Amino acid sequence: MTVKDYEEIISKRMKFARFKHSKNVAKEAVRLAKKYGADIKKAEIAGILHDATKETDADEQMMLIQKAGLQLSELERSSPKLWHAISGSAYIQVELGINDKEIIDAIRYHTTGRAEMTLLDKVIFIADFTSADRDYDGVDKMRKAADKDLDEAVLEGMAFTISDLAQRKLTIAPDTFAGYNDMAAQKAKHKSK
Ligand code: DGI
Ligand code: FE
Ligand code: FE
């Protein structure tokens with residue numbers, strides 16, 4: 001299947017605004033992949049598909065997760081915002097027959113991040129923060145960071161998410177903390193050299 005095929009498939013699963021967002025993330029992911037040497041084709045595919053199940057019924061998401069042999073932790077179950085990343089990674093395997101682990105993981109961890117993120121994980125994580133449709137306080141700072149240093153941008157994005165969630169007294173997934181700690185520890189190591 002081509003990226004055009006994927007576009008057509010997901011356009012039927014979501015409203016136009018999210019479809020635009022998905023196309024913008026794919027475009028930004030390709031730009032970042034070129035800049036940082038990630039696989040351009042995989043970046044485009046993971047970008048277009050990253051929110052494939054964001055507007056999918058909870059029941060269907062749970063079915064996809066089960067079909068892919070995945071399990072939600074207690075905390076993930078109680079955080080609906082996290083479901084689409086997991087069910088999205090399930091959907092592309094179960095319904096689209098994608099078996100590329102790098103693409104599957106980039107979608108699985110696009111919301112939380114994780115420890116030891118791959119280059120593709122980072123490209124998708126940041127493309128979601130800096131895509132053309134994003135317009136939050138600090139988006140210019142994130143875009144500048146993304147152009148300068150991908151790792152620094154990932155750390156900045158994770159710090160932003162954690163502060164925001166803590167401010168709102170929401171649960172924070174272990175993968176989110178693991179990603180933050182991993183990137184912060186790497187930065188500390190480089191600094192002390
Ligand atoms: O799907 P998008 O809107 O494009 O972006 P996303 O997949 O990064 O989702 C962002 C939402 O997910 C935002 O409302 C914050 C939330 N989120 C991110 N990390 C965590 C989280 N929510 C919880 N409960 N825990 C997390 O660790
Ligand atoms: Fe998302
Ligand atoms: Fe997104």
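This is a predicted model: local features need pLDDT of at least 70, side-chain atom pairs count only at pLDDT 80 or more; totals for chains, interfaces and linings use all residues.
I'm counting as donors the N, O and S atoms within 2.8 Å of the metal; water is not among the atoms, so sites may look incomplete.

**Entry 1: iron ion, ligand 2**

Asp 51 (OD), His 84 (NE2) and His 110 (NE2) coordinate the ion, at 2.1 to 2.2 Å. Along the sequence I read their spacing as D-x32-H-x25-H. Asp 51 sits in the loop between helix 3 (40-49) and helix 4 (58-67), while His 84 belongs to helix 6 (residues 80-94), so I noted a pair 33 residues apart that links distant parts of the chain.

Asp 51 comes out at 3% relative accessibility, so I put it down as buried. His 84 has 5%, and therefore counts as buried as well.

**Entry 2: iron ion, ligand 3**

Which protein atoms are the donors of the iron ion (ligand 3)? I found His 21 (NE2), His 50 (NE2), Asp 51 (OD) and Asp 128 (OD), lying 2.2 to 2.3 Å from the ion. Their spacing along the chain reads H-x28-H-D-x76-D. His 50 is in the loop between helix 3 and helix 4 and Asp 128 is in helix 8, so this pair ties together parts 78 residues apart in sequence. I checked burial here too: His 50 and Asp 128 are both buried.

Asp 51 bridges the iron ion (ligand 2) and the iron ion (ligand 3), and the two ions lie 3.6 Å apart.

**Entry 3: ligand 1**

I then listed what surrounds ligand 1. There are 17 residues, and the closest are Lys 54, Thr 111, Arg 134, Ala 173 and Thr 176. The side chain of Lys 54 has an N or O atom 2.8 Å from an oxygen atom of ligand 1. For Thr 111, a polar side-chain atom lies 2.7 Å from a ligand 1 oxygen atom. Ala 173 uses its backbone instead: an N or O atom there is 2.9 Å from an oxygen atom of ligand 1.

**Entry 4: Ser 131**

Is Ser 131 buried or exposed? I got 0% relative accessibility, so Ser 131 is buried. Its place is the loop between helix 8 (119-130) and helix 9. Skipping residues up to four places away in sequence, I have Ser 131 touching His 21, Asn 24, Val 25, Glu 28 and Arg 143.

**Entry 5: Val 123**

I moved on to Val 123, in helix 8. Its relative accessible area is 0%, so I call Val 123 buried. Leaving out neighbours within four places in sequence, Val 123 is in contact with Ala 29, Leu 32, Ala 33, Ala 38, Ala 43 and Leu 150. I also took one distance: Val 123 and Ala 106 are 8.5 Å apart, C-alpha to C-alpha, and 17 residues apart in sequence.

**Entry 6: helix 2 and helix 9**

Last, a helix pair. The axes of helix 2 (residues 16-36) and helix 9 (residues 139-148) come within 10 Å and cross at roughly 35°. Helix 2 brings Arg 31, Leu 32, Lys 35 and Tyr 36 to the contact, and helix 9 brings Ala 146, Asp 147 and Lys 148. Sorting these by class, I have three nonpolar, no polar and four charged residues.

Key
Residues are numbered from 1 along each chain as its sequence is written. Chains are lettered from A and ligands numbered from 1 in the order in which they are written. Side-chain values use heavy atoms; hydrogens and water are left out. Axes are lines fitted to C-alpha atoms, for helices over the stretch in contact, and angles run from 0 to 180 degrees between N-to-C directions. Helices (H or I, at least four residues) and strands (E, at least two) are DSSP runs, numbered from the N terminus. Contact means heavy atoms within 4.5 Å. Ala, Val, Leu, Ile, Met, Phe, Trp, Tyr, Cys and Pro count as nonpolar, Asp, Glu, Lys and Arg as charged, and the others, Gly among them, as polar. Donors are N, O and S atoms within 2.8 Å of the metal (3.2 Å for Na, K and Ca); water is not among the atoms, so sites may look incomplete. Buried means under 20% relative accessible area, exposed over 50%, partly exposed in between (1.4 Å probe, protein chains only). A residue is near a molecule or strand if one of its heavy atoms lies within 4 Å of it. A polar contact is a pair of N or O atoms within 3.5 Å; within protein, one must be able to donate a hydrogen and the other to accept it, and residues adjacent in sequence count only if both atoms are side-chain atoms.
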